[in-house]
Amino acid sequence: MRELEFWRGFILALMFVAALTLLAASAVHASLLGAIDPFPGAAPPEALLGLVLAIAAVAAFLSWARAWAFGVAATLLALVGTVYGLTVTVPRGEPGEVVYHVSLLAGLIVAAGLLIRQRGLVD
């Protein structure tokens, strides 16, 4: 039982961290925190992905009905969005952006894999 609690917490933590970093990246790109890295085209999709992933993580945390399906769908959507983000950031050649997207992608792959493998943990 303790192992299941660990994996559930780990999955939720990955989802929350990914959601928070997407929301933070959106704020940075929208210049809400100053002119750190203005890229207005990236702000709305990052905000949307972050919001959807955050809602899915809350749903899973609260064990809402269909939380697993929503969590998988939200994580896969964020994963696809991150892959697309990499196709935009690699040509821009900004190392910080590339490292961020690769790190986010790794976390989302792990979260999606664990969600799919450990189906009953978040329902």
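Tryptophan 7 is partly exposed, with a relative accessible area of 24%; here, buried means under 20% relative accessible area, exposed over 50%, and partly exposed in between, using a 1.4 Å probe and protein chains only. The model is a predicted one, in which local features need pLDDT of at least 70 and side-chain atom pairs count only at pLDDT 80 or more, while totals for chains, interfaces and linings use all residues. Residues are numbered from 1 along each chain as its sequence is written, and side-chain values use heavy atoms, with hydrogens and water left out.

A pair of aromatic rings is described by the distance of the centres and the angle of the planes. Rings of Phe, Tyr and Trp (for Trp, the six-membered ring) are paired if their centres lie within 6.5 Å, and planes under 30 degrees apart count as stacked, over 60 as edge-to-face and the rest as tilted. Three aromatic pairs occur in the structure. In one of them, the ring centres of phenylalanine 6 and tryptophan 7 are 5.0 Å apart and the planes stand at 75 degrees, so this pair is edge-to-face. Phenylalanine 6 also pairs with phenylalanine 10: their centres are 6.0 Å apart and their planes at 10 degrees, so the arrangement is stacked. These two phenylalanines are four residues apart in helix α1 (residues 2-29), and are therefore separated by about one helical turn. Helices are DSSP runs of H or I with at least four residues, numbered from the N terminus. Phenylalanine 6 is partly exposed at 49% relative accessible area, as is phenylalanine 10 at 33%. Together, Phe6, Trp7 and Phe10 make up one aromatic cluster.

Helix α3 (residues 67-92) comes next. Its 26 residues reach 37 Å from the first C-alpha to the last, close to the 38 Å expected at 1.5 Å a residue, the expected span being 1.5 Å times one less than the number of residues. Among its buried residues are Trp68, Val72, Leu79 and Leu86. The buried residues of α3 pack against α1, α2 (43-61) and α4, where contact means heavy atoms within 4.5 Å. Just after α3, glycine 93 adopts a positive phi of about 75 degrees.

Glutamate 97 belongs to helix α4 (residues 95-117) and is buried, with a relative accessible area of 12%. Its side chain makes a polar contact with the side chain of histidine 29 at 3.3 Å; such a contact is a pair of N or O atoms within 3.5 Å, where within protein one must be able to donate a hydrogen and the other to accept it, and residues adjacent in sequence count only if both atoms are side-chain atoms.
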